[in-house]
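Please keep the sequence and the coordinates at hand while reading.

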Amino acid sequence: MKQYVTVDEWSIIEEGFHPQYNQISESIFSLGNGRMGQRANFEEAFSGQTLPGNYVAGVYYPDKTRVGWWKNGYPEYFAKVLNAANWIGIDVQLDGETLDLHQCQVLDFRRELNMREGWLERTFTALLPSGKQVRVAAQRFTSIVDDEVGAIRYSITPVNFSGTLTLTPYVDADIMNADSNYDEKFWDEVLQEAHPTEGYVIAETKKTFFHVCTGQKFAVTQNGQEVKVNATPQEKTKYIASTFELAVQQDQETVLYKYAANLSSENHPKAELLANTKTVLSAAAEKGFDQLMREQAQAWAAKWEESDIVIEGDAAAQQGIRFNIFQLNQTYTGEDERLNIGPKGFTGEKYGGTTYWDTEAYCLPFYLATADPQVARNLLVYRYKHLPKAIENAEKLGFSGGAALYPMVTINGEECHNEWEITFEEIHRNGAIAHAIHDYIRYTGDDGYLAEYGLEVLVGISRFWAQRVNWSGAKNQYVMLGVTGPNEYENNVNNNWYTSTIATWTLDYTLKALQHVRETSPARYRELVGKLNLNVAEETGKWQHVIGHMYYAEDQELGIFLQQDGFLDKEQTLVRDLDPADRPLNQKWSWDRILRSVFIKQADVLQGIYLFEDRFDLETIRRNYDFYEPRTVHESSLSPCVHAILAAKLGDEERAYEFYLRTARLDLDDYNNDTEDGCHITSMAGTWMAVVQGFGGMRVRDNQLFFNPFIPAGWSSYSFKIRFRGHLLNIKVTKENVQMENQHEAALTLNVFDQAVEIKANGKAEIAHQLA
C-alpha cells in the first residue's frame, strides 16, 4: 500500500516528485469527459517510466490473440480500446537544452487534480544539467461541455537566466498500445495538414477502419499580452507540429495556450471529419481558455449537485468517495447508447475490451440513483442491441433455438475473451444482465421496458440456462457442471452456488415478465411470441421444472451454502494465516497453487446473498459471511464493496467501515499494487454502493424506498443525494438523527427504520436513530 497523495476533501494532491510512482500517478490523475480521456502524462518530453494514454470512446481494434484462436469456439481477437493520438505534447527547449524531468533535478513538484471543477494542474521548478532553472505551471482539462475538446495552459518562467525558448506543440498519432499482442501499431495514416499555429492529423484504424481527426490550435502570451510568433509547421508520418522561438527574460512568464480536438467517424461522416474538426477547434479557441474553464467549473458543479456524497469528520473517507464519483462521471455520461463502461475507463489499457458484467452488477445502481433514468436505460439498450451477437456467441458453443450467451468481454457484442475458463465457464455474467433489467424496473417503475426491450433479452438468457443445466440421475436433480463463479481463483467447478442461484432466479423472473407483458401489452406479447418463435407451454414448462429441481450445494452442519461441490475438501486455511510476503497471491503464487487453495478472490456466495438478501434471514447471512470472508483475499477490486454492504446489514460497523475505506481508496493508496495499469473504474461504483446501500441501508421494495442507516464511529455526519422516480432526495445522517429533504413538487412516502415516513412536496423530515 502506498500513501503518497495528500489527503484533501476536494483534490488529489501529490507533493514532491515521485518518479518511482509515476505510472500510478498517471492513472490517478487521469482526465476524461465520456467521449475521450487522457492519462496524466507530462506535456513536455519525459524519458523516464511512463505509460502514454489517450483514448477516444468507441474506437477499437480486434488484436489477434496469442492463444486459443485456432480452437473451435475460441475468439480470434481481443478487442482493445486504442491508444490514440497524443494531443497534449509540447516539446520545450531552453537555449537548445531539452526540458525532461528524467534528466533534470526537480527542486519542487506539485500535482493537483481538482475534482470540484474538473482540471489537472502541475507545477515544478527544474534544474537543468546546464545549471539553468525554470519554473513551469501546466493546467489542463477535457471539457465536459464541449466533449471533443481539450485545453492546456502551459506557463514557463526562467528563474536564473535570460535566453531563447523554443516551443514545439505537436500532435502525434504514430503511437501504439502497450498491450499490443504482436507489437503492432494499430493506426494507418490518412492525412496531415500543418499550418503555423494549427494542424491536423487523420488516422485510420486497421481492420475496423475508424477515422479519428486530432487537431491543435495555439496562442502565446508574454507578461499577459498575446504575441505573434513566427512558427514553422512540420509534417511527418501521422505527426504534425509547429516550432517557434522566443527571447525570454529572467522572471518573465511565457504562456502557451493549446486547444485540441478529437473527432471520430463514429460521430461524423469521414468526408466531413477534417472540416468539422476545424469548426470545433476554432470555436474552442474563440472561447479561450478562461471561458472554457468557467464552463467546465459550472458543468461540474451541476454534476456534484446531483451525485456528491459529503462526509464530515473523516477527510480520507471524503476524498476517497469523491475521487470514485469523479472518475465515474468522467468515464460515462449515458448520452450515447453505443458506449459502455470499461473496467479501466480512460485511465489505462488493461482489460482492453469495453464491457464486462461489472457494468450491470456494480455500475447500474450508481447511475440509477444519480442521473436521469435514460442514462441507466441506455446501458440496458446497449445489451439489447447486442442480443443477436449474444445468440451467435451461444451458437458457437453449441447452443440453439435462440439461446443467448452474452460475452465476458466485448465492444460490439461479440465475445473477445480467450481464456477458456472465463470465456466458456464464467457464465454467471448472463444472470447479471437479467438482474440489471429487474433492478432498473424496480428502481424506476418503467415496466414498459419489458415489452419494449427487456423480455427479448430475458427469453434469450433463459433459453441458455435451460440448455446449460443437465439432469443428474444420481441426484434426481438438475446440475450445473464446468463453471467458474465470480471467484476466479476457482475454475471449472461443478454446481457453483451463485451461478445456479442466479440461473434459476432468471428463469423465474422471465416467467413473471412473460405474464406481465401478456396482461399489460397483449398485442406486443403476441408479436414477441411470434418473433421469438416461443413455444410458451413447452419452454416455460421446462423452465419451471428446472426451478423446482435445481441442485444447490450446501453443508447442513455448518449451515452454509457451498461455493461449489467439494469446497470443504480444500485445506481450510484462513487469510490471517498467510505470510504477508505472499500477498497479493496473483502476483506471488503459481496459478496451480491458487486453484488448489481455499482462498477466494472476491465475493461469490456472498455476491448471491447480496443480490437476493430478502430470501435469507439474518442468521443465515451471518453464518455465510463469517465463513467466507475470512477466506477471501479481496484481490478483485469488486470484492470489498459487497462485503461492506453485508457487514453493515449485519450490524458489524467496524468491518463495514474497514471495507468501505479499502474500496474508496483502492487506487489512491494502490492497495493491490496494480493502479499503474489504470484505475478500477467499475469497482468505484461499488464504493458509492458501500455508502448508500451499506451505511445508508437503502433498498427498494414494493415500489418504495427503505433506509436503515447508521453512522461510522469516526464520522460526525454524512449525506448523499439520490433520484427516485422523479424525486430528488437529500439524506443526511448525523449522530442524533436522519434528516431527509424532498426537492420535488410532489410528496413522497418512504420507510426509515421500518416506519413509514411521508415527506411533503419540497418538505423535510427528521427521524431519530433507533439503534440496537
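## Backbone geometry in loops

Phe753 is buried, because its relative accessible area is 6%, and this residue of the predicted model lies in the loop between β31 (748-752) and β32. The phi angle of Phe753 is near 50°, which is a positive value in a residue other than glycine. Lys238 also has a positive phi without being a glycine, with a value near 55°, and its place is in the loop between β18 (232-236) and β19. With a relative accessibility of 6%, Lys238 counts as buried, the limit being 20%.

A further backbone feature is the cis peptide bond that joins Arg583 and Pro584, for which omega is about -10°. Pro584 is found in the loop between β25 (560-561) and α13 (585-588).

## Strand β13 and its partners

Strand β13 (residues 163-172) is mostly covered, since nine of its ten residues are buried. An antiparallel pairing of five bridges joins β13 to strand β7 (residues 90-94), and here Asp91 has Thr168 in β13 as its bridge partner. Strand β13 is also joined by eight bridges to strand β19 (residues 239-248), again running antiparallel, and in this pairing the bridge partner of Asp172 is Tyr239 in β19.

## Arg66 in its loop

Arg66 has its place in the loop between β5 (54-64) and β6 (77-83). Although Arg66 and Tyr77 are eleven residues apart in sequence, their C-alpha atoms are 8.6 Å apart in space. When residues up to four places away in sequence are not counted, Arg66 touches Asn181 and Tyr182.

## Helix α12

Helix α12 comprises 13 residues (536-548), which at 1.5 Å a residue should span 18 Å, and the distance of 18 Å between its end C-alpha atoms agrees with this expectation. Its buried residues are Glu539, Thr540, Trp543 and Val546. An α-helix has 3.6 residues a turn, so residues three or four places apart point the same way.

On the other side of α12, the exposed residues are Ala537, Glu538 and Gly548. The cover over the buried residues of α12 includes α9 (448-468), β23 (477-479) and α10 (497-520).

## Salt bridges

The count of salt bridges comes to 52. One of them is formed by the side chains of Asp174 and Lys185, with an N to O distance of 3.0 Å. Both Asp174 and Lys185 lie in the loop between β13 and β14 (187-195), so the pair ties together parts that are eleven residues apart in sequence. Asp174 counts as partly exposed at 29% relative accessibility, and Lys185 is likewise partly exposed, with a relative accessible area of 33%.

Another salt bridge links Lys385 with Glu337, and the closest N and O atoms of this pair are 2.1 Å apart. Lys385 lies in helix α5 (residues 373-385) and Glu337 in the loop between α3 (315-331) and α4 (358-370), so that this pair ties together parts 48 residues apart in sequence. Glu337 is partly exposed, at 26% relative accessibility. In the salt bridge between Glu392 and Lys389, the closest N and O atoms are 3.8 Å apart, and because the two residues are three residues apart in helix α6 (residues 387-396), about one helical turn separates them. Glu392 is partly exposed at 34% relative accessible area, and Lys389 is partly exposed at 28%. Finally, a network of salt bridges links Arg35, Asp147, Glu266, Asp336 and Arg338.

How values were computed: Residues numbered from 1 in each chain as written. Predicted model: local features only at pLDDT ≥ 70, side-chain atom pairs only at ≥ 80, totals over all residues. Heavy atoms only, no water. Helix = DSSP H or I, 4+ residues; strand = E, 2+ residues; numbered from the N terminus. Expected span 1.5 Å × (residues − 1). Buried < 20%, exposed > 50% of the residue type's maximum accessible area, 1.4 Å probe, protein only. Contact = heavy atoms within 4.5 Å. Pairing = 2+ DSSP bridges. Salt bridge = Lys/Arg side-chain N within 4 Å of Asp/Glu carboxyl O.
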